[in-house]
Each structure stands twice: as C-alpha cells, then as structure tokens.
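Here is a short briefing on one protein model. Look over the sequence and the structure first, then read on.

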Amino acid sequence: MYMKKKRIKRTVILVVTLIILGVIIFLSPKVIKVISFYREAVELAKESTVSTFKDSKTTIIYDAYGNQLCTMKNEKDLYYVPFEQIPGTLQSAFIVMEDGDFYNHGGIDYKAIVRAVIVNQQSNEIEQGASTITQQLARNIFLTQDVTWERKIKEMFLACELEKKYSKEQILEFYLNNIYFGNGYYGVEAAAKGYFNKSVEALTISQQAFIAAIPNNPTGNDPFTKLDNAIARRNLILEQLYENDYINSMNYYTALSDEIVLEQLMTVKNNSVETYARHCATESLMQASGFSFLYNFYSKEEFEAYI
C-alpha cells in the first residue's frame, strides 16, 4: 500500500513537471518576443524627436510677395499647428470621447481595459476599445493597423515610453496633428481647411465637435457622403462635453442647433509652378550635399557615369 502511494505520488510529480516544462517550452518564444518588443519600444521612443511627429506635412508654395501659389502633398494633406492654436473645446472633445482619464494615466488605462473586457463579453461583440490617446498615437506613427497581439503589446510598451519622454500637452498636440479625418485630411488643421475652408482656431464649437466626430469612423461618418451620421455623432460629443462640464448650457444648445454647412477647400493645381518648385528643391538639396552640376558631356560614357 505504501509503495503504491509512493508510485502515484511520483507519477503525479512527473506529470506536473512535464506540464510545467511544456508550458515553459510553449511560452518561451513568446516571452523572448515580448522582451524584444520592449527593447524596440525603448529604442523607438529614445530616437524620436518632435520632428518625428511632423513628417509628411503639406508643402505650401508662395510667390515673391508671400501670396500662396499652390500646395504639394505626398500621401497626406497635413498642416501642423502648435498646441496653443488648437481650441480647448476641440481638445476636450477627443479626451471625453477617446480617453477620459488621459491626464492621469501613464500611457495605459487599466480601468478602461477591464471595463472594455466586461462590456465586450456581455455583448459578444467589440463594443468598446481600451486604447488610450497615447496608444493610438504610437500606433499611427510607429506601427501598423494590424489587429494582432504582437502589435498591441508593442503599442502598450511604446505608449509607456512616450509618456516618459513627452508631456501630456505634447502628446495631445502630436495626436491631434496626425489623426485621420477622412478624404485625405490628417490633423485638425487640414480637417478645418478641408471641410470648412478656415483655420482650426476659427471653428465654432459646433464645427469643432463635428470634425471630432469623424475619426471614430472616417468612412461611416464621412461629411460628404454620410452627413447625417457625422451630425448625429457631433450631437453625442456635444452632450458628453456638456455632461462633463466642458461647455455650459448656452454653448451646448447653441451648438446643437447650429447648422453644418460644408465649404470644401478647392486647391488649385499649377503644374508648372509645382514642377519648378520640385526642380529648385532638388537642385538645392543636391548642391548642399556637394554635387556639382554638369550640362555638357564629351562622350556617352561620361554622361552615363554622371547619371
């Protein structure tokens, strides 16, 4: 009887040991991956500068008298504006809808994660996300939009590292200047110009809430094709701003009754000006790098070597 119990005990210990070893073997590649993600996040945040968040800005070409001739853009229509030029109500609209605890967390909102898990489990659908504004910024600038656990881990590590390096105001400024507002517009200034043909500083409270309604679903809330959807979300944002004391009752009811009239900015293309501007910029950059321009060649071989 004693020997039998001893054999059973050994068997149980052996099985438990094998299970633990199996778990370690199974998880070790993932653990190594997570460690590498953390190191990568630290390096990306360390190497980043304010300029990292200002890339791909729209180029504006002026004549000798300071009059705008045309604009050039690569993939994005983006005009960068500093934090103090972004209306406070517009800032609050994103905080109240996207990240209510923005000024208190360190990049990750653990309460929001728990809340999202509970809500999503109850509905069996993805009703709520838990990404903070800092996580969204990290994703938009450094990562892809792929829905994978690897990207989510990278996003969380990066958010924490960005919070260590930049102030809350800087993070919100970076975010509002890079978020997508549909129709090729990136950032609040491009959205203000694109939908209302005015600077973001000149937007009314109603217009601020309106453009804040778009990034949640740029296709479903497209002002040019789904205006009713965009206005419905604007109304929801105004309600949240009012209930959270970001605006008073007079501003709320005035903005709610304000008619949205879109005035799309029509950009006039001047191909000869754009071509000339690109040519001048290319020549200047090449000369700055020590490149000598030649226009006459004595042989085909000399020309090919020059090219």
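Which residues is Phe-181 in contact with, leaving aside its neighbours within four places in sequence? They are Phe-94, Leu-176, Gly-187, Val-188, Ala-191, Tyr-195, Ile-211, Ile-214 and Pro-215. Contact here means heavy atoms within 4.5 Å.

This is a predicted model: local features need pLDDT of at least 70, side-chain atom pairs count only at pLDDT 80 or more, and totals for chains, interfaces and linings use all residues. Residues are numbered from 1 along each chain as its sequence is written, and side-chain values use heavy atoms, with hydrogens and water left out.

**Overall make-up**

- The protein has 12 helices and four strands. These are DSSP runs, numbered from the N terminus: helices are H or I with at least four residues, strands are E with at least two.
- Of the 307 residues in the protein, 35% are buried. Buried means under 20% relative accessible area, exposed means over 50%, and partly exposed lies in between (1.4 Å probe, protein chains only).
- Take the contacts between residues at least 6 apart in sequence: 61% of them join residues at least 24 apart.

**Nonpolar core**

- The largest nonpolar core has 52 residues, and Phe-181 and Ile-211 touch the most other members. Helix H7 (residues 188-196) gives the most to this core, with six residues.
- Such a core is a set of buried Ala, Val, Leu, Ile, Met, Phe, Trp, Tyr and Cys residues joined through side-chain atoms within 4.5 Å.

**Helix H2 and its cover**

- Helix H2 (residues 88-98) is mostly covered, with eight of its 11 residues buried. They are Thr-89, Leu-90, Gln-91, Ser-92, Ala-93, Phe-94, Ile-95 and Val-96.
- The cover over these buried residues includes H4, helix H6 (168-178), H7, helix H8 (205-212) and helix H9 (227-243).
- The axes of H2 and H9 come within 9 Å and cross at roughly 95°. H2 and H9 are therefore roughly perpendicular to each other.
- Axes are lines fitted to C-alpha atoms, for helices over the stretch in contact, and angles run from 0 to 180 degrees between N-to-C directions. Angles under 35 degrees count as roughly parallel, over 145 as roughly antiparallel, 65 to 115 as roughly perpendicular and the rest as oblique.
- On the H2 side, Thr-89, Ser-92, Ala-93, Val-96, Met-97 and Glu-98 meet H9 residues Arg-233, Leu-236, Ile-237, Gln-240 and Leu-241.

- Gln-135 sits in helix H4 (residues 133-142). Gln-135 is buried, because its relative accessible area is 2%.
- Its side chain makes a polar contact with the side chain of Glu-155 (2.9 Å). A polar contact is a pair of N or O atoms within 3.5 Å; within protein, one must be able to donate a hydrogen and the other to accept it, and residues adjacent in sequence count only if both atoms are side-chain atoms.
- Glu-155 is also one of the buried residues of H5, which include Arg-151, Leu-158 and Glu-161.
- Helix H5 (residues 149-165) has 17 residues and reaches 25 Å from its first C-alpha to its last, close to the 24 Å expected at 1.5 Å a residue. The expected span is 1.5 Å times one less than the number of residues.

**Positive phi in loops**

- Most residues other than glycine have a negative phi.
- Asn-183, not a glycine, has a positive phi of about 55°. Asn-183 is in the loop between H6 and strand E4 (185-186), and counts as partly exposed at 35% relative accessibility.
- Asp-245, not a glycine, has a positive phi of about 65°. Asp-245 is in the loop between H9 and helix H10 (249-257), and is exposed, with a relative accessible area of 69%.
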